[in-house]
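This report describes one protein model, part by part. Look at the sequence and the structure before reading on.

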Amino acid sequence: MDSEKVVNMVPKMKMGKNFIAFGIVIVFLVILALDAFVIVNAGQRGIVLQLGAVRPVVLTEGLHFKIPFVQDVIPVEVRVQKSQSEQTAASKDLQIVTTTVAVNFHLDPNQVNKLYQNVGLSYGERIVDPAIGEAVKAITAQYTAEELISKRSEVSAKIKETLSTKLATYYAVLDEINITEFKFSQEFNNAIEQKQIAEQQALKANLDLQRIEIEAKQKVEQAKAEAESLRLQKQEVTPELVKLREIEAKIKAIEKWDGKLPNVTGGAVPFIDVNNG
């Protein structure tokens with residue numbers, strides 16, 4: 001009886017082992033299937049590593065096949081990134097200038113595999129930030145402190161050109177650069193303020209001098225005009241004109257007389273010209 005039970009159990013044990021092996025195979029196949037595909041998200045590129053070596057191919061957005069357990073795909077951001085920092089440098093006239101710089105850049109989508117191979121994923125610390133500092137220092141040294149303020153757009157353009165060349169060496173593309181602020185020492189700020197005050201005072205004094213000169217010229221011209229008027233009036237005075245003015249004066253006096261003689265004994269009768277005729 002016991003021997004029969006043992007004989008009957010042997011096929012069942014073999015069948016159980018087969019099921020386990022089949023299950024293991026199914027699980028392995030599922031793992032293989034899941035590991036055989038990779039999705040590269042929007043704004044990213046995929047770097048393919050085959051047994052640790054960087055492949056020359058770059059995966060674009062979407063679904064891709066890879067060799068399970070042999071290839072790995074590392075996603076890299078290729079959207080615009082921002083780096084903002086404060087850079088301290090010396091101007092042409094040896095003033096210490098602290099510049100706040102905001103830089104927008106992105107990685108070259110077709111060269112991210114070379115970037116990973118040569119630099120790695122710490123490109124911000126290793127490449128971008130040092131390149132910004134070097135470009136700012138190189139261009140700042142070409143201008144005086146005052147020129148950095150008055151020629152801000154020109155300075156920004158030169159920094160952009162220099163930085164763009166440096167980043168391109170490491171497969172990064174510069175999009176835009178903005179100098180948000182220049183900071184100088186307190187002594188320099190005080191000197192600038194005093195200079196502006198002096199310039200304003202000099203301008204006011206110059207304007208006052210111009211006003212005085214104009215007023216003096218106006219007075220001279222006015223005096224010349226009055227003198228010329230008197231000269232012309234003298235030229236026009238004749239004996240006939242004097243006689244006419246006397247007659248006009250007497251007529252005005254007669255018009256104002258009320259017809260009454262003055263109560264003064266021995267006085268002359270007014271307005272009677274005894275020499276008339």
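## Terms and basis

Contact means that heavy atoms lie within 4.5 Å. Helices (H or I, at least four residues) and strands (E, at least two) are DSSP runs, numbered from the N terminus. Buried means under 20% relative accessible area, exposed over 50%, and partly exposed in between (1.4 Å probe, protein chains only).

The model is predicted: local features need pLDDT of at least 70 and side-chain atom pairs count only at pLDDT 80 or more, while totals for chains, interfaces and linings use all residues. Residues are numbered from 1 along each chain as its sequence is written, and side-chain values use heavy atoms, with hydrogens and water left out.

## Helix H3

Helix H3 covers residues 123-140. Its 18 residues, at 1.5 Å a residue, should span 26 Å, and the end C-alpha atoms are 24 Å apart, which agrees. The expected span is 1.5 Å times one less than the number of residues.

Buried residues of H3 include Tyr-123, Ile-127, Val-128, Ala-131, Ile-132, Ala-135, Val-136 and Ile-139. An α-helix has 3.6 residues a turn, so residues three or four places apart point the same way. Which elements cover the buried residues of H3? Among them are strands S5, S6 (81-90) and S7 (96-107), as well as helices H2 (112-118), H4 (145-150) and H5 (152-168).

## The open sheet

Strand S5 also belongs to an open sheet of 3 strands, in the order S3-S2-S5, with antiparallel pairing. S3 (53-59) and S5 (71-77) are at the edges with a single partner strand each, so one side of each has no neighbour in the sheet. On average, neighbouring strands here are turned by 30 degrees against each other, direction ignored; axes are lines fitted to C-alpha atoms, for helices over the stretch in contact, and angles run from 0 to 180 degrees between N-to-C directions.

Strands pair if DSSP finds at least two bridges between them. S2 (residues 44-50) is joined to S5 by 7 bridges. Val-48 has Val-73 in S5 as its bridge partner.

## An aromatic pair

The whole structure has 1 aromatic pair. Phe-37 and Phe-65 form this edge-to-face pair, 5.8 Å centre to centre with 75 degrees between the planes. Phe-37 lies in S1 (residues 37-40) and Phe-65 in S4 (residues 62-65), so the pair ties together parts 28 residues apart in sequence. Rings of Phe, Tyr and Trp (its six-membered ring) pair if their centres lie within 6.5 Å; planes under 30 degrees apart count as stacked, over 60 as edge-to-face and the rest as tilted.

Phe-37 is partly exposed at 44% relative accessibility, whereas Phe-65 is exposed at 56%.
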